[in-house]
Structures are given as C-alpha cells and as structure tokens.
Amino acid sequence: MAPVIRERLLSEGLRPEQVENFQQATLRTRELREQIRERAHRLQWRVLDALQARGLSEVHLLGSTGYGYGDTGRELLDEVYADLFGCEAALVRLQFVSGTHAIACGLFGNLRAGDELVSVSGEPYDTLSTVIGQKAPTPGSLIDWGVSYRQLELVDGSLDYQGMRSFLRPDTKMVFLQRSRGYAWRKSLSIEQIGKAIEVIREIAPQCVVMVDNCYGELVEEREPTHVGADLVAGSLIKNLGGTLAATGGYLAGTRAAVDAAAYRLTAPGIGGEQGASLGFSRSMLQGLFQAPIVVGHALEGACWAACFMELEGLEVSPRWEDHRSDIVQAIRLGSPEAQAAFCRGVQRSGPVDSKATPEAWVQPGYRDPILMAGGTFIAGSSLEMSADCPVRPPFIAYLQGGVSLGHVQLGVVRGLVSLQNLTK
Ligand SMILES: *Cc1c(COP(=O)(O)O)cnc(C)c1O
C-alpha cells in the first residue's frame, strides 16, 4: 500500500490493524475483481456493437419537443435496448417517473379484471405493495381493478421450483419474479435460477406472461432474464442502465405484445410509444448506456471489496465477497437504528454533493417503513452513484450500492465504519 494511502486511512480514523484489513480485502478480492472488470469490458463491447449496428449518429442526440413524433433518437434507444435484451421490443422513456412506474405499467398493461397475478419470489419490493394492493385496500391498485393475486414464498431465500408446480394454475395470466434482493435479507436470483423457474412456469401455464423486476440486476451477469425466456423486464434509469448520466426515466423490454400493452398504459391506448418528446435527453440516456457496463463493474468491484472488508471487521454481510452476484446491492447487518444512522452519516459525508447534510429517515410514498438514505449524488436518488439505504426496521440492515470507482466506495465504507465506531466510543 502506498504510504500516502496509508496516511490518509489513518487520518480518516482507521486503526493500524484496520488499515491492514483494508489492504487484506484489496488483495483477497483482486482476482475476482479482475474477472468483474473483464466481464464489464465484454458487456461494453456488446453495447458498442448494438449502437453501431443501429447506426447511432449525431442527429439522434438532438431530441424532440411537443408530441415527439419522428424522434429517431428515442426510437434508436428502444431498438438498442431490445438488441441488448435479445428481445422484440423495448420502451425507454424519461416519462417513466421511476422503476416502480415502469413495473406498474407492465403489470396494468398486461392484466385485466378477472386475471390472476402470481409472484413466485415471495413478497415483491416495498413500493409494489400499493401497486398490487395485497397488504391493505388501495384505491387504483391491481386488486382494486379486479385482478387477483397470490404469492409463493421463497424457501430459505431460494425459489421453490417444486412448490410452483402445485401453486400455479394453467390459466394464471402473469407470473412475477424479482431478481434483486430488495430490502430483504435474501439472495438475488441468478439468471440460471430465473431460467429454471421459467421452464417450470411454462410447464404449468404455457401462455402466461412472465415478468421480471430487473432493478439493480442489469449488466451484472452476462445474460438478462429475457435471454432465458422472460416475456417482460423493467427497471429504472437512475439505477444500472442509466450509467449515472440519465437524469430520470425507466424502461421495459420484452415481447412486442407485452411492451405495446405497457406502452398503452404509459400514454394512451392507440398511442403507446409513438409519442413522447425526448427533450434532448436521448444524449445522456445513450451515453449513460454506453458507460453503464463500466460503472456497474466499478460498483460490483466496490461491493465485493466492501463485503470482504466489513466481514474482516466482524460484520455480517450478504452476499459474502466470493458469492455469485446477480445485483449490485451489498447488504450489511448493523443491528440497530443508531448504527444505521451512524453508517449513513459516514456514507453521506463521502458524497460529492451535500456532504455536510445529515440523512434523516422518512416514510417515502409507497413505502411502509421509514427509510434512511445516504446519497450525495449528482442525480437525486441515483443509486448507481454510491448510496446507502436503511429501512428502519429489524434486523436493521444497510443496503449499499453503486459507486463510479472502487476508491470512492472504499472511502464511503471507511467513513461509514469510523462513524459506527464513534458511536460505541
Ligand atoms: C429500486 C427498486 C424498485 C423500484 O424502483 P424505484 O425506481 O425506486 O421506483 C423495484 N424493485 C427493486 C428490486 C428495486 O431495487
């Protein structure tokens, strides 16, 4: 370790033996991080190939206003996403206000009164409980519109393939899976597991629409859920695929029929994806996509290192550093609301923006529990830039994700840890 780095870490408040752990974590994870970088490079070649094959040119970066007719940049973006996901169609829009909105359009667009929706990965992400309406009567939810819902729980955090056979019905209209861990102490689903689940689902309900909540999962593995049979995936552009440059937005990709149905929900039946001004934002969405594999790679390197370092520091982490990853999220069990607050303060102090702010927990729309969020990011709430979220509920976990460089994640984790230590002093 270079003496300047050592000095910096000591001045940040690490004890000498912790600086050793910092170094150990860097050495131990080296080979795995190298593999992560190589995969990121291969994925960036794939993005580049798609951009070139679709003939990206300067005119596509200009954008449109008003209805957005003939917006070739927007159309090219849709085509490139469809190519990357290996599917017929995609809808990439700044008019999606969030990942939840994109997922909701996929669900509402493809379900009708009397249809059944089944989640086979247990409880969906927090914000989907008001979309589905299964926890409490919610006006405008799927259940309010006459869709029925059931969920098959995970068994020891894994998919219950055998259970699916008896749980699904031949006329189940839509089956839902969540790839990432969400705010839960569970593993993310690998593409292989998702593929295996889809085979089982097709045996029982061959006609159903299989939708995957792909948030935080994009570009983490070589393949996406659509490469193993998913009909529809959705996510947020202020997460992985926006590459930290997209200012807002979301996407859906899948079969032409499933994407069109969602587009009719986003705008209006008959209009779908043919309107929607890009207002000059296609440039950052395209450039963000080009950079996304690299940023996701850095975020994964950071998560891998953080898992190793925090474990050396005696904290329980999920996944462990050498585990297979299918999302960019690193969960760290902190055990108390005070520890969550301390860790978040440290991460907040490491951001380029609002580093002097103190994160406070609040109940955001769609969430049931207060959430503490540390994120000194250029794009508000952008979790591909480094951020830490803590739903304030047992077992009091911090979910750390993102980071445009390993060095930045390291600083964030070090400050989080020192802040935790000051708590017990
Ligand atoms: C972030 C996330 C969402 C919803 O995203 P928003 O953009 O915050 O609405 C849905 N599912 C999972 C697993 C997520 O991580």
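Ala, Val, Leu, Ile, Met, Phe, Trp, Tyr, Cys and Pro count here as nonpolar, Asp, Glu, Lys and Arg as charged, and the others, Gly among them, as polar. The model is predicted, so local features need pLDDT of at least 70 and side-chain atom pairs count only at pLDDT 80 or more, while totals for chains, interfaces and linings use all residues. Residues are numbered from 1 along each chain as its sequence is written, and side-chain values use heavy atoms, with hydrogens and water left out.

Let's start at the ligand. Its shell (residues with a heavy atom within 4 Å of it) includes S98, Y125, Q178, D213 and K239. By class, this shell holds four nonpolar, five polar and two charged residues. Helix α5, residues 99-110, gives the most to the shell, with three residues; helices are DSSP runs of H or I with at least four residues, and strands are runs of E with at least two, numbered from the N terminus.

Now look at the ligand's oxygen atoms. A side-chain N or O atom of T100 lies 2.5 Å from one, a backbone N or O atom of G99 is 2.7 Å from one, and a polar side-chain atom of K239 is 2.9 Å from one.

Where does the ligand sit? The space it takes is the largest pocket, where sitting in a pocket means that more than half of a molecule's atoms lie within 2 Å of the grid points. A pocket is an open set of points on a 1 Å grid over the protein atoms alone, where a 1.4 Å probe fits, with protein on both sides within 12 Å along at least five of seven lines; lining residues have an atom within 4 Å of a point. By class, the lining has 17 nonpolar, 21 polar and five charged residues.

How values were computed:
Polar contact = N/O pair within 3.5 Å; in protein donor to acceptor, adjacent residues only side chain to side chain.
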